[in-house]
Amino acid sequence: MSDSSASFLERHQFLIYRLFSLAGLVPVGAFLVVHLLTNASVLAGAGTFQSRVDMIHSLGPLLVPIEWAFIFLPMLFHAAVGFVIIANGLPNVGSYPYVGNVRYTMQRATGMIAFAFIIWHIVQLHWMGKPLGGGQFDPHRAASSAAAALQHPLVAILYAVGVLSTVFHFANGLWTLGITWGLWTSPAAMRRANAVSVVVGLALAGAGLGSLAGMLTLDRDKAQAEEERMEKRKLQFEPAAVGSPEPAAHTGV
Amino acid sequence: MITAAHGHDGDASHEHGHIPAARMVRVRVLRQDVAGGESYWERFEVPYEPNMNVISVLQKIAALARSRDGRRVAPVAWDCSCLEEVCGSCTMLINGRTRMACSALVDRLVEEDGEEIELRPMSKFPVVRDLVVDRRRLFRSLERVKAWVPVDGSYDHGPGPRISPEEQEDAYPLAECISCGCCLEACPQFTKLEAVRREDESEADFEKRRRAAFDSGFVGAHAISQAMLFNGHPTGKMIADERLQALTAPGGIQMCGNAQNCVAVCPKRIPLTRSIARAGRAATVWAIRKLFDR
Ligand code: SF4
Ligand code: SF4
Ligand code: FES
């Protein structure tokens, strides 16, 4: 049994590794970008953030299957293959401390950190009760409930590490993906692509840390008042609830 | 640089008016008496000479056949041939990094890493004895990707097609590969495969098992680059698809993790990562084509 499954994986190794690479970009990486930009909207106020969350939740009963099909399952696939890759590699930065090799090793380390962080992130916001300042995320009290869950300093630090690792993993992965698929082949093209990856990485790191800072500095009472106001309005105009406050702002996300 | 340092030494001894004590080169070698056996460190010391390289140090050690503490020991075994970095046989780990022993100058090593020089056999290939390793897998990889121009036959094929100077310029650097295996040694994705013959196994069965292990292991940067060399050659191209088939088979190009150590350690400065990315591109196109041609 294990023999035939091993040979199945081996026979389709090229396809599996390419799907692994692709999954890192779409849908998993694309989701990361949307997620971080959505979160960063908290910097524009609890109301803006709330309306973005409302937009996502307007999917209603479809939200959970969509999350599984386009986020969780691809992510688990990417993680599973990733762990196989990590297990088969033999990092050697000690002997060969070249930039590319450091990045190779970091890619693996940040992948594992990102995986642990994302699992914890989901558990913490969905089910974890009070310990370590956990708190349930409430889609109707988006900013205030998320901010409440992040207040413990240790949580904030772990989030910063988790977000930065995830962003590094994505940005560096973007660059290696281009080599893997043959998008950039010459050293000069690789350098240019690298510059783009660095810019993408810095922008996402800014969005991620910005969201975190936005949540930590949020005036939670004011935010909650705003959220309650919005909820009342939504209940009044039930069918048109989808992001009515400022529709123009949604297009970019 | 080396002559300058030597000249300086000479000046210094003149100034002080005495002959300096003979300078010694100290070496630490990771030895192994038989394939699969235990490895152990042995230290040696040989008189310094200007412009020495690691091979000349090893030659002196062989002549001496004594360890630093004066014991008579079997001479250290190593591989070399051309002594000018073209045969690719003298690869070893010198101060922890893979490189050609014949072009590793003692003066530079001492300057960069300190007095004692450390020599170890390559870690990704089975040790035959001391610094000699069995690199059959490296050559098997070249067979896997058919790194040749298919011109065998019983009749005259006529003159080959012309190759433009641009194509030549592109191909020449790839043709400089000396099959030294440095790129494999430094690659974090290329791991050692050492098959040991079972007691109840015939030589033929053992050979078959080893071949199978080789054929599913990572082919390595050198073979990927050679595949690109011959896929770019007007006659070599005729079996381009077979090479792409091999490159996308188990252990193919997908195993590369883009650490780019290979290109950093290649003594011939072969643009390996360019070859790898080109192979990636060719594999992408080939896989899509195969999908729709079925
Ligand atoms: S590609 Fe470079 S490092 Fe690799 S075998 Fe050829 S010459 Fe040696
Ligand atoms: S780029 Fe690929 S082949 Fe080269 S060292 Fe890295 S993993 Fe190995
Ligand atoms: S002896 Fe030929 S490469 Fe060193």
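Predicted model: local features only at pLDDT ≥ 70, side-chain atom pairs only at ≥ 80, totals over all residues.
Figure 1. The domain assignment places domain 1 at residues 2-129 and domain 2 at residues 135-293 of chain B. The C-alpha centres of these two domains of chain B lie 33 Å apart. To the contact, domain 1 of chain B brings 17 residues and domain 2 of chain B brings 20 residues.

**Figure 2. Polar pairs and elements at the boundary of the two domains of chain B.** Eight residue pairs in polar contact, both at pLDDT 80 or more, are found across the interface of domain 1 of chain B and domain 2 of chain B. On the side of domain 1 of chain B that touches domain 2 of chain B, β3 (91-94) and β4 of chain B each supply at least two residues. The largest share of that side comes from β4(B), with three residues. Sorted by class, the side of domain 1 of chain B that touches domain 2 of chain B holds eight nonpolar, six polar and three charged residues.

**Figure 3. The salt bridge of Lys268(B) and Glu85(B).** Between domain 1 of chain B and domain 2 of chain B the count is one salt bridge. Lys268(B) pairs with Glu85(B) in a salt bridge whose closest N and O atoms are 3.8 Å apart. Side chains of opposite charge can pair when their charged atoms come close. Over all chains, a search of the whole structure finds 30 salt bridges. Because Lys268(B) lies in the loop between α10 and α11 of chain B and Glu85(B) in the loop between α2 (54-64) and β3 of chain B, the pair ties together parts that are 183 residues apart in sequence. The backbone of Glu85(B) has a phi near 55°, a positive value in a residue other than glycine.

**Figure 4. The surroundings of ligand 1.** Which residues surround ligand 1? A run of chain B contributes Cys177(B), Ile178(B), Ser179(B), Cys180(B), Gly181(B), Cys182(B) and Cys183(B). The shell also includes His222(B), Cys266(B), Pro267(B), Ile270(B) and Leu272(B). By class, the shell around ligand 1 consists of nine nonpolar and three polar residues, with no charged residues.

Figure 5. The residues around ligand 2 include Cys187(B), Gln189(B), Phe218(B) and Ala221(B). Also around ligand 2 are Cys256(B), Gly257(B), Asn258(B), Ala259(B), Gln260(B), Asn261(B) and Cys262(B), together with Ile276(B). The shell around ligand 2 divides into seven nonpolar and five polar residues, and no charged residues are present in it.

**Figure 6. The interface of chain B and chain A.** The size of an interface is often given as the accessible area lost when the parts come together. For chain B and chain A, the buried area is about 2500 Å², with 57% given by carbon and sulfur atoms. Here 36 residues of chain B are in contact with 31 residues of chain A. On the side of chain B that touches chain A, the elements giving two or more residues are β4 (97-100), α10 (261-265) and α11 (272-293) of chain B. The element α11(B) gives the most to that side, with nine residues. The side of chain B that touches chain A comprises 14 nonpolar, 16 polar and six charged residues.

**Figure 7. A cis peptide bond in chain A.** The peptide bond from Val26(A) to Pro27(A) is cis, and its omega is near 5°. Pro27(A) is located in the loop between α2 (13-25) and α3 (28-40) of chain A.

Key. Residues numbered from 1 in each chain as written. Chains lettered and ligands numbered in written order. Heavy atoms only, no water. Contact = heavy atoms within 4.5 Å. Buried area = accessible area lost by both parts, 1.4 Å probe. Helix = DSSP H or I, 4+ residues; strand = E, 2+ residues; numbered from the N terminus. Nonpolar A, V, L, I, M, F, W, Y, C, P; charged D, E, K, R; others polar. Near = heavy atom within 4 Å. Domains from an automatic or database assignment. Salt bridge = Lys/Arg side-chain N within 4 Å of Asp/Glu carboxyl O. Polar contact = N/O pair within 3.5 Å; in protein donor to acceptor, adjacent residues only side chain to side chain.
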